[in-house]
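Trainee: I should like to go through this structure and understand the terms used for it. May I put my questions to you in turn?
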Amino acid sequence: MTTGDLPLMLLAGALVGLGLSMLLWRVRPAQVDLSSALDRLSPERSLAEEDRTQRAGTDADAKDKLGRWAMRTLPLDALGAVPTKELALLRIPVHRFFGEKVLFAVVGLVIPFALMILFAAVGLAVPVFFAIMGALLLGSLMFFLPDYNVRDDAAKARKEFGRALASYIDLVALERNAGSGPRQAMEIAAGIGDAWVFRRIGEELARSRWSGQPPWDALRKLSDDLGLPELADLADIMRLSGEEGAQVYTTLRARSQSMRTAELNSALAEANATGERLSIPMSTLGLIFMAILVTPALLRIVGS
């Protein structure tokens, strides 16, 4: 055995191990995340996803087909919990999310081999072993990239939801002060704005009207599904107004003001953190300038 045969032997061993793991994978019991699996199989979520699929067109996108195939074939639940609340907030079906993950992984697997072919075209030989290891590493990293994207987009959407919700609470307070009932005030306020937050709240209120559910229960359920505690506070306040007849104008205005204050404090903290990060390059530039000034004098001292 020579040194040049070592990468080929390692590659052969890796392929044999991969083949054995694939065989064992098909016969071993699947280790799934129970909470996410039950959440996806719940009737309400299944009907909502089916309705969105019918509106968008069944299997209209290759990403949807790939995601459905992956959910049937691959043990994706064993590779990490599904961000169901973030997906519900962004209105991304679970099968499309899995399709994007598999698609990103395939792209990560292909890129190193494409680079190897490109390097070979210009006369640079890259061992196949390094291309395979790079493909496995990059494919694994890109497989989890959609999780980061979804959580980042959901965090931005929650901030936007909080800002719009403060305005919505003010509108509800004004409608209640004008003599409207709890449901009427909430529905009129939701119909005033054209942002996606107002439309989402309006959809839940309309669904609760046709199902005979109290509007505050619908908002409470929406808060639990999307991870929005501010919406749960509004639901509790409107429950007091609807069930006990309490005057909630002052409470609603105080709640909206506190939300704006918290948003302002968060923006100030973010601005201060950004300012501190900007001071690092300026300090580094100052140190480099001082080094340029001091270096000639030090060289003269050392040379003498």
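Trainee: In what order do the elements of the chain run from the N terminus?

Mentor: From the N terminus on, they run α-α-α-α-α-α-α-α-α-α-α-α-α. The chain has 13 helices and zero strands; helices (H or I, at least four residues) and strands (E, at least two) are DSSP runs, numbered from the N terminus. This is a predicted model, in which local features need pLDDT of at least 70 and side-chain atom pairs count only at pLDDT 80 or more, while totals for chains, interfaces and linings use all residues. Residues are numbered from 1 along each chain as its sequence is written, and side-chain values use heavy atoms, with hydrogens and water left out.

Trainee: What makes the span of α8 agree with its number of residues?

Mentor: The expected span of a helix is 1.5 Å times one less than its number of residues. For the 33 residues of α8 this gives 48 Å, and the end C-alpha atoms are 48 Å apart, so the two values agree. Just after α8, G179 takes a positive phi of about 105°.

Trainee: D147 lies in helix α8 (residues 145–177). Why is D147 called buried?

Mentor: Buried means under 20% relative accessible area, exposed over 50%, and partly exposed in between (1.4 Å probe, protein chains only). D147 has a relative accessible area of 9%, and is therefore buried. In the chain of 304 residues, buried residues make up 29%.

Trainee: What joins the side chains of D147 and K101?

Mentor: A polar contact of 2.3 Å joins them. The term requires a pair of N or O atoms within 3.5 Å; within protein, one must be able to donate a hydrogen and the other to accept it, and residues adjacent in sequence count only if both atoms are side-chain atoms. Leaving aside neighbours within four places in sequence, D147 is in contact (heavy atoms within 4.5 Å) with A81, P83, F97 and K101.

Trainee: Which residues have the most contacts inside the largest nonpolar core?

Mentor: They are L165, Y168, I201, L231, L234 and L252, in a core of 33 residues. Such a core is a set of buried Ala, Val, Leu, Ile, Met, Phe, Trp, Tyr and Cys residues joined through side-chain atoms within 4.5 Å. The largest share, ten residues, comes from α8. Apart from this core lies another, of eleven residues, among them V94, F97, V102 and V150.
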